[in-house]
Amino acid sequence: MKVIICEDNVVQLEHIKKTIENYALMEGNGIEIVLTTTNPNEVIAYEKADCYFLDIDLNHEMTGLMLGDMIRKRDPLCNIIFVTTHAEMTYLTFMYKIAALDFIIKDHTGMLQQKVLTTLKVAYEKYLQIGQQQAPSQIQIRANGYTRNIAIQDIYFFAASPTLHKIILHLENEHIEFYGRLKDFKEAHVSMYQCHKAFIVNRQNIEFVDHKERVVYFKNGETCFASARLIKGLK
Amino acid sequence: MWSISYLSLITYQFLVLSILPLYFSKITITKNLVLKVSLLIVAPPVVLFAFIGVYAVAYVILVVSFLIYQQTKRWRNIVHVLFTIVLAVMADHISSLVVYHLSNGMEAIITSPLVQLVVSMSILFILVIVYKRLFSYFAGWYMFEQYIIPAMIPLLLMTIVFMYTDIVLMDDLSFIKSVQHNVFFFVIYLMLFIIIIGFFVYLVIKNIHIKQKEMQLKEFNSYVESLEDINRDMRKFKHDYMNILTSMRHFIDSKNYSELETYFYRHILQTEENEQAHEMAFSMLNCLHIASLKGLLTTKLIQAQTLHVPMHVEIVEDIDRIALDEIQLNRMCGILLDNALEASKNATEPWIRLAFIRMDGVVLIACVNTFSSNQSHELKVHEIFKEGFSTKGEERGLGLSILRQMVDASPKLRLNTKINGNLFIQELFIDEERV
């Protein structure tokens with residue numbers, strides 16, 4: 001696994017570098033630092049690595065966020081870890097925009113070394129998994145600024161919005177809204193069943209069906225309607 | 001006169017009067033409900049009609065209104081009851097006229113209840129469709145619900161009283177003449193009604209704009225105040241800086257490094273962290289260039305401070321435009337934050353994080369907060385959006401269902417909601433205008 005460290009403080013840079021190098025030497029598992037720099041342009045110029053440690057405030061016209069964004073656009077699979085002070089921490093922004101793996105807070109010097117190592121291990125685990133597993137049955141949800149793969153068994157039901165082309169996907173304890181047509185998900189998996197003009201349910205997560213009132217009850221207590229004609233398929 | 005057909009005509013009318021409002025209020029009509037309606041609402045007035053005539057309508061209005069309120073818990077839906085009556089009377093009158101003119105004065109056709117029934121049903125059908133369309137068109141308008149409907153209710157009540165006095169006073173001898181008369185009056189009345197409503201809307205909009213301006217000014221003032229606070233803090237810090245350095249000098253002079261270390265970590269770093277967090281919360285707002293939203297966030301930040309809820313706002317990139325009506329945007333952010341504050345203030349470890357994130361073609365407003373989890377019942381996402389849901393009992397918890405409605409009404413908004421342990425996560429995506 002190739003590692004790049006970009007940090008404007010030379011002492012910190014050296015510190016992180018040492019920590020990782022010592023660890024790699026001990027384990028001998030192919031973790032290798034290919035670049036340490038204070039200049040973000042060098043990171044961009046470098047071809048490609050698998051794991052990045054980036055300072056957020058780089059003392060450069062390019063911030064850590066911009067750098068991370070560029071790296072992420074180039075390589076959706078790499079691990080990006082941000083090193084930051086407590087006050088600069090903008091957790092959500094980095095999570096949503098760059099899908100950062102983790103954050104290392106450098107205010108507490110004593111914990112820095114340990115945190116670098118635990119994060120590095122997580123990154124290494126993820127690195128090993130890339131290309132290894134293809135989850136068998138997943139549905140991909142795409143919308144502006146949002147992409148997610150969802151396992152079939154997590155899906156409760158899809159509900160269409162009456163007038164606009166929006167669908168709300170209901171999971172156990174989560175609602176995800178995206179653009180699309182309901183009929184595209186009808187054939188997504190054998191356990192999907194359209195029980196109403198506006199609903200496609202996952203049979204795996206149905207608790208029971210009230211045929212008299214035509215209501216489908218799910219395992220999490222949620223309900224949806226079924227039409228008189230289509231409810232027959234839900235035996 | 002009490003023939004079967006006449007009776008069925010009355011039954012039909014009362015049935016229409018009770019079922020249509022339920023339909024408009026989007027109550028799903030189940031067997032149980034139909035039974036309730038026919039026993040409670042349709043049967044008594046049919047009997048009552050024999051004794052007190054048209055006044056039986058009053059009974060229908062009361063009971064249907066009550067039923068709708070019971071089912072939906074929104075008194076605003078009463079407007080549907082009143083409108084249904086107006087529509088039904090209109091349909092009735094128009095059908096009388098239509099039948100009269102088409103039948104060339106043939107007595108048999110005019111007095112036949114069946115013909116009357118069919119014609120008035122079809123006219124009513126058209127009116128209902130028009131009404132439903134118009135209503136759902138206006139319902140997307142956010143002031144409609146709050147201001148216009150409450151104003152409509154007394155006006156409609158007056159209309160109905162007017163219509164019925166007209167009907168009661170109707171001259172039986174020249175039936176068709178008086179019907180013509182009535183329709184004429186109704187049309188004039190309707191026009192007046194529309195003019196009054198239009199004028200009212202105009203006033204309301206004006207009023208809202210004035211209020212909005214006042215709000216902005218107030219929020220801007222609080223923003224300025226908090227900037228002054230920060231400025232004061234800075235000055236204090238600069239002043240303290242010297243003191244801190246001299247206090248450290250004491251340790252260094254005596255070469256007491258271990259104590260210096262504890263002093264440094266315990267006292268100096270700690271205070272600095274606290275102050276920085278406070279400053280950061282406000283300084284992040286610098287990247288936000290929407291004045292009214294900035295004001296709102298300032299107000300909420302101050303509110304969070306008084307409630308002792310740490311609140312972080314993340315705006316890393318410049319946000320100068322969000323492709324959404326500013327009032328609507330503020331309202332949505334207000335709901336998100338009010339809800340977060342309400343939920344988080346009782347949590348064991350309260351905090352709120354709000355982020356404005358610009359991504360490809362979309363602005364994401366993410367709001368994450370902790371909430372106090374109830375051991376006996378695990379909170380589910382679908383319960384939250386139910387109208388009237390609140391951990392605090394009645395008349396609250398409207399916020400999130402309003403948010404959901406606003407998102408549903410707009411093609412460029414998407415809202416994801418998630419509960420993860422004791423974290424409540426809301427992601428509001430606002431699509432940028434496609435050029």
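Two bridges link strand β10 (residues 174-179) of chain A with β4(B), and these two strands run antiparallel. Within β4(B), Thr417(B) is the bridge partner of His175(A). Strands count as paired here if DSSP finds at least two bridges between them. The helices (H or I, at least four residues) and strands (E, at least two) are DSSP runs, numbered from the N terminus.

This is a predicted model, in which local features need pLDDT of at least 70 and side-chain atom pairs count only at pLDDT 80 or more, while totals for chains, interfaces and linings use all residues. Residues are numbered from 1 along each chain as its sequence is written, and chains are lettered from A and ligands numbered from 1 in the order in which they are written.

**Where the chains meet**

In total, 30 residues of chain B are in contact with 27 residues of chain A, a contact being two residues whose C-beta atoms, placed from the backbone, lie within 7 Å. On the chain B side, the elements that supply two or more residues are α9 (257-283), β2 (352-359), β3 (362-370), α12 (381-384), β4 (413-420) and β5 (423-431). Of these, β4(B) gives the most, with six residues. By type, this side of chain B divides into 15 nonpolar, six polar and nine charged residues. In this scheme Ala, Val, Leu, Ile, Met, Phe, Trp, Tyr, Cys and Pro count as nonpolar, Asp, Glu, Lys and Arg as charged, and the others, Gly among them, as polar.

**The two chains in outline**

Chain A has 235 residues, of which 32% count as buried, and its secondary structure comes to five helices and 15 strands. Chain B has 13 helices and five strands, and 26% of its 435 residues count as buried. A residue is buried if 20 or more other C-beta atoms lie within 10 Å of its own, exposed if 12 or fewer, and partly exposed in between, with C-beta atoms placed from the backbone. Among contacts in chain B between residues at least 6 apart in sequence, 70% join residues at least 24 apart. In chain A, residues 24 or more positions apart account for 48% of the contacts with a separation of 6 or more.

**Strands of chain A**

Six of its six residues are buried, so β8(A) is largely enclosed by the rest of the structure. Phe158(A) stands opposite Ile200(A) in β12(A), and its bridge partner in β9(A) is Leu169(A).

Further along, three strands form an open sheet in the order β13-β14-β15 (chain A), with antiparallel pairing. Its edges are β13 (206-210) and β15 (223-225) of chain A, each with a single partner strand, so one side of each is left without a neighbour in the sheet. Neighbouring strands of this sheet are turned by 20° against each other on average, direction ignored. Ile206(A) stands opposite Phe218(A) in β14(A).

| Strand | Partner strand | Bridges |
|---|---|---|
| β8(A) | β9 (residues 166-171) of chain A | five bridges |
| β8(A) | β12 (residues 199-202) of chain A | three bridges |
| β13(A) | β14 (residues 215-218) of chain A | four bridges |

**A helix pair in chain A**

The axes of helix α3 (residues 64-74) and helix α4 (residues 91-98) of chain A come within 10 Å and cross at roughly 20°. That makes α3(A) roughly parallel to α4(A), a label for angles under 35 degrees. Axes are lines fitted to C-alpha atoms, for helices over the stretch in contact, and angles run from 0 to 180 degrees between N-to-C directions. Leu65(A), Gly68(A), Asp69(A) and Arg72(A) in α3(A) meet Thr93(A), Phe94(A), Lys97(A) and Ile98(A) in α4(A). The residues of this contact divide into three nonpolar, two polar and three charged.

**Individual residues**

Asn59(A) has a positive phi of about 55° although it is not a glycine. Asn59(A) lies in the loop between β3 (51-55) and α3 of chain A, and with 12 C-beta neighbours inside 10 Å it counts as exposed. In chain B, His308(B) also has a positive phi, about 60°, without being a glycine. His308(B) sits in the loop between α10 (291-306) and β1 (311-315) of chain B, and counts as exposed with 8 C-beta neighbours inside 10 Å.

Notes
Angles under 35 degrees count as roughly parallel, over 145 as roughly antiparallel, 65 to 115 as roughly perpendicular and the rest as oblique.
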